[in-house]
Amino acid sequence: MDFQSDLTREISPQRKLGRGKIEIKRIENTTNRQVTFCKRRNGLLKKAYELSVLCDAEVALVVFSNRGRLYEYANNSVKATIERYKKACSDSSNTGSVSEANAQYYQQEASKLRAQIGNLMNQNRNMMGEALAGMKLKELKNLEQRIEKGISKIRSKKIAETERAQHQHQQMNLMPGSSSNYHELVPPPQQFDTRNYLQVNGLQTNNHYPRQDQPPIQLV
């Protein structure tokens, strides 16, 4: 009895470390790896068959060995099950996942836009001299620099517009048809003496009447 109890104590740790305690990693020994593959493959095929029969489920199992050999099981057909799988994935992606992804994207974009609008509104208030109580000295200096740069740009733009307007005004004055050069281009009217000026039109006969209708000249 003592011998059997000692043997039990020696064997029990091995039994505890037997099934379920194997480290999951690649088996380096080729023979052991092939034996393990055959055992696990047969067990997997058996479980797939039991699942399809007991639960009336559509099961398709495809296994490729490291040498490229194919092992498969399907209670209907592997091709039909794969087509059904593709259709189910496409339907779920078009309805559920795509809509959820779009909703999340638009929510993120909306939050970004709200943050940008808030920052712009705060900057506008700061530029107007409002909401300056919570700003630090460094932020105030940066704001002052931005305002000075803006003022300098506005002055430069104003000066450029003024010079452009003056230049256009000068070009209009130098054009031949301008009112300022009209007196220089048009000669002054010729002066006539009223005593020597004769209206020729008054002496001309009226050509609308015939010669015989003209009254004769009478000498008094």
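I looked up Arg84 and found it exposed, at a relative accessible area of 56%. I call a residue buried under 20% relative accessible area, exposed over 50% and partly exposed in between, with a 1.4 Å probe and protein chains only. The model is predicted, so I kept local features only at pLDDT of at least 70 and side-chain atom pairs at pLDDT 80 or more, while totals for chains, interfaces and linings use all residues. I number residues from 1 along each chain as its sequence is written, and my side-chain values use heavy atoms, with hydrogens and water left out.

Arg84 forms a salt bridge with Glu58, with 2.2 Å between the closest N and O atoms. Arg84 sits in helix α3 and Glu58 in the loop between α2 and β1, so the pair ties together parts 26 residues apart in sequence. Glu58 is partly exposed, with a relative accessible area of 29%. For a salt bridge I require a side-chain nitrogen of Lys or Arg within 4 Å of a carboxyl oxygen of Asp or Glu. Helices (H or I, at least four residues) and strands (E, at least two) are DSSP runs, numbered from the N terminus.

**Other salt bridges**

I searched the whole structure and got four salt bridges. Among them is Glu161 with Lys157, where the closest N and O atoms are 3.5 Å apart. These two are four residues apart in helix α4, which puts about one helical turn between them. Another of them joins Arg164 and Glu161 at 3.6 Å, N to O. Arg164 and Glu161 are three residues apart in helix α4, again about one turn. I noted Lys157, Glu161 and Arg164 as a network of salt bridges. Glu161 is partly exposed at 35% relative accessible area, and Arg164 is partly exposed at 46%.

**Chain overview**

I counted six helices and two strands in the chain. Their order from the N terminus is α-α-β-β-α-α-α-α. Of the 220 residues in the chain, 8% are buried. I also looked at contacts, meaning heavy atoms within 4.5 Å. Of the contacts in the chain with a separation of 6 or more, 16% come from residues 24 or more positions apart.

**Helix α2**

I checked the length of α2: its 26 residues at 1.5 Å a residue should span 38 Å, and its end C-alpha atoms are 37 Å apart, which agrees. The expected span is 1.5 Å times one less than the number of residues. The buried residues of α2 are Arg33, Arg41, Ala48 and Ser52. Their cover includes β1 (60-64) and β2 (70-74).

The side chain of Asn42 reaches the backbone oxygen of Cys38 at 3.0 Å. Asn42 and Tyr71 are 29 residues apart along the chain, and their C-alpha atoms are separated by 9.9 Å.

**Positive phi**

Most residues other than glycine have a negative phi, so I listed exceptions. Asp56, not a glycine, has a positive phi of about 55 degrees. Asp56 lies in the loop between α2 and β1 and is exposed, at 71% relative accessibility. Ala131 also has a positive phi, near 55 degrees. Ala131 lies in the loop between α3 (78-127) and α4 (137-174) and is exposed, at 53%.

**Aromatic pairs**

How many aromatic pairs does a search of the whole structure find? I got three. In one of them, Tyr105 and Tyr106, the ring centres are 5.5 Å apart and the planes are at 65 degrees, so the pair is edge-to-face. Rings of Phe, Tyr and Trp (its six-membered ring) pair if their centres lie within 6.5 Å; planes under 30 degrees apart count as stacked, over 60 as edge-to-face and the rest as tilted. Tyr105 is partly exposed at 46%, whereas Tyr106 is exposed at 56%.

Conventions: Polar contact = N/O pair within 3.5 Å; in protein donor to acceptor, adjacent residues only side chain to side chain.
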